[in-house]
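I set down here what I looked up in this structure, entry by entry.

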Amino acid sequence: MDALNSWQLVKELKTATALAAAASFKHVSPAGAAVAVPLSKSLKKAYFIDDVNLSDIATAYVRARGADRMSSYGDFVALSDECDEITAKILSCEVSDGIIAPSYSKEALEILKNKRKGNYLIIQIDENYIPNEIEKKEVYGITFEQQRNNIKICEELLNNIPTKNKILPDSAKRDLIISLIIIEIYPI
């Protein structure tokens, strides 16, 4: 469940922002989710990657994991883009149960295969898969059905801002879109 829920989140974040996205999931809830926005020197230091040259997907992963390192302990990781060598190297140092991504570089796959003595769960997902309109879930012998949430969160939703100041910086728009997607998929 963590793998599939986290994949749904990063896929939607990537679609909405056009940025590489990553999520850290535990107990079917996001412990952290982020997109590839460059890290400041102080954030690099806080995330223990001072001298590392990060790819976009590695940046998204570091941000997602760093959102709540305690809750991410023993997580499931989702990446919107191919898992590259640098992301796999960073992930190899973390306590994590598995990863889901659309693809893996040869080097990344070799690194991840050795994680947890070869018992690390590595899932390759078809990024073009479209689920059925009706979702079904069985709980305690009862089957529940509902229409899948297909609402697309995008910048157009921020066109009518009900305040005097109608100007929002692009970074604030991006953060609002990310927040709306997370709340839409995982309401509190």
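I began with strand 3 (residues 75–79): five of its five residues are buried, so this strand is largely enclosed by the rest of the structure. I take buried as under 20% relative accessible area, exposed as over 50% and partly exposed as in between, with a 1.4 Å probe and protein chains only. Helices (H or I, at least four residues) and strands (E, at least two) are DSSP runs, numbered from the N terminus.

I noted that the model is predicted: local features need pLDDT of at least 70, side-chain atom pairs count only at pLDDT 80 or more, and totals for chains, interfaces and linings use all residues. Residues are numbered from 1 along each chain as its sequence is written, and side-chain values use heavy atoms, with hydrogens and water left out.

I then checked the two faces of strand 3. D75, V77 and L79 are buried on one side, and F76 and A78 are buried on the other.

Next I looked up the pairing, for which DSSP must find at least two bridges between two strands. Strand 1 (residues 21–26) runs antiparallel to strand 3, joined by four bridges; F25 stands opposite F76. Strand 4 (residues 96–101) pairs with strand 3 in the parallel sense, also over four bridges, and here F76 stands opposite G98. From strand 3 the chain passes through helix 5 (residues 85–92) to strand 4, a right-handed β-α-β crossover; with the strands pointing away from the viewer, the path from the first strand over the helix to the second runs clockwise.

Last, I turned to helix 1 (residues 2–17). Its buried residues include W7, L9, V10 and L13. Just after helix 1, A18 takes a positive phi of about 60°.
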